[in-house]
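Please consult the sequence and the model as you read.

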Amino acid sequence: AKRGIPQIDTENFSHKKILIISDGYDFSKIHRLCSKLPADVAVIAINRSLAKWELVGTQCPDSEKRKISYYVVNNPYQECLSFLNKKNRYYPRCIASSRTNPEFIEYYINKMGVVYQYQPTPEEGFSGGTHDAMWTIDDYRNPVCAALGLAYQFEAEKIALLGCDESFSDNRPGSVSLENGLFTYPQHFISHGVIDGIFYWLKSQKEVEMSIVDASSGAKYKNAEYINPTELTAYFEG
């Protein structure tokens, strides 16, 4: 509040095509596909995809460079500081929940990064600040949900997910196998179900016809079509 961070709901950002990318399975390889996306695709990065982003800086060839349009964050804990890209000192526009770790926000602003804040929808039993926001985001304290809520407010018509999974190649204790031969932990199916429910809600809105695809390496969704990551450029161009 002391920082006077502007509210994202007072802006008029509009993006018909949005890619939401996280640092899921094989991120180093798959995130390079972003350099081939059409220029009108807004890239929303979440989790540690910012810290691992290699498509900027002097070591990246100009032909492979791609900027992050927005970095969305809602982690309230100290680990949030590990999401920063200190290698390339890269600070794209950030959209942070009002519950985001304050040290992360302070660091970001001190590095001259632009920060907007959104207000998460109030929860029963959770005490938060009071703000007169024109709209709030049902983020379920999950960055994928936050990015999807923002995509709706940005009037997106095509949405794709890339690297938005918690998958790994080795069979770890307590893990379960996926159809694609990878593994994950059972607790991740909870957030998977919530995200699938948001897909259903988004596609049921009458004001806009929305297409949603998933190019991640997690479990399949009922309400989003799976495509291979290499098909993303064709999806957004089609």
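**Pocket and rings**

The largest pocket has a volume of about 890 Å³, a volume being the space filled by probe spheres set on grid points that are joined across faces, edges and corners. The model is predicted, so local features need pLDDT of at least 70 and side-chain atom pairs count only at pLDDT 80 or more, while totals for chains, interfaces and linings use all residues. Residues are numbered from 1 along each chain as its sequence is written, and side-chain values use heavy atoms, with hydrogens and water left out.

Q: What makes a residue part of the lining of the largest pocket, and which residues lie nearest its centre?
A: On a 1 Å grid over the protein atoms alone, a pocket is an open set of points where a 1.4 Å probe fits, with protein on both sides within 12 Å along at least five of seven lines; lining residues have an atom within 4 Å of a point. The lining has 40 residues, with Asn-47, Asn-142, Pro-143, Glu-166 and Ser-191 nearest the centre. Two or more residues each come from strand E3 (70-73), helix H3 (143-153) and helix H4 (188-204), helices being DSSP runs of H or I with at least four residues and strands runs of E with at least two, numbered from the N terminus. H4 gives the most, with 5 residues.

Q: Why is the pair of Tyr-70 and Phe-154 called tilted?
A: Rings of Phe, Tyr and Trp (its six-membered ring) pair if their centres lie within 6.5 Å; planes under 30 degrees apart count as stacked, over 60 as edge-to-face and the rest as tilted. Tyr-70 and Phe-154 are 5.4 Å apart centre to centre, with 35° between the planes; the pair is therefore tilted. Tyr-70 lies in strand E3 and Phe-154 in the loop between H3 and strand E6 (158-162), so the pair ties together parts that are 84 residues apart in sequence.

Q: How do you know whether Tyr-70 and Phe-154 are buried or exposed?
A: Buried means under 20% relative accessible area, exposed over 50%, and partly exposed in between (1.4 Å probe, protein chains only). Tyr-70 has 1% relative accessibility and so counts as buried; Phe-154, at 2%, is buried too.

Q: What makes Arg-172 count as lying over the ring of Phe-168?
A: The rule requires NZ of Lys or CZ of Arg within 6 Å of the ring centre and within 35 degrees of the ring normal. Arg-172 lies over the face of Phe-168, at 3.8 Å from the ring centre.
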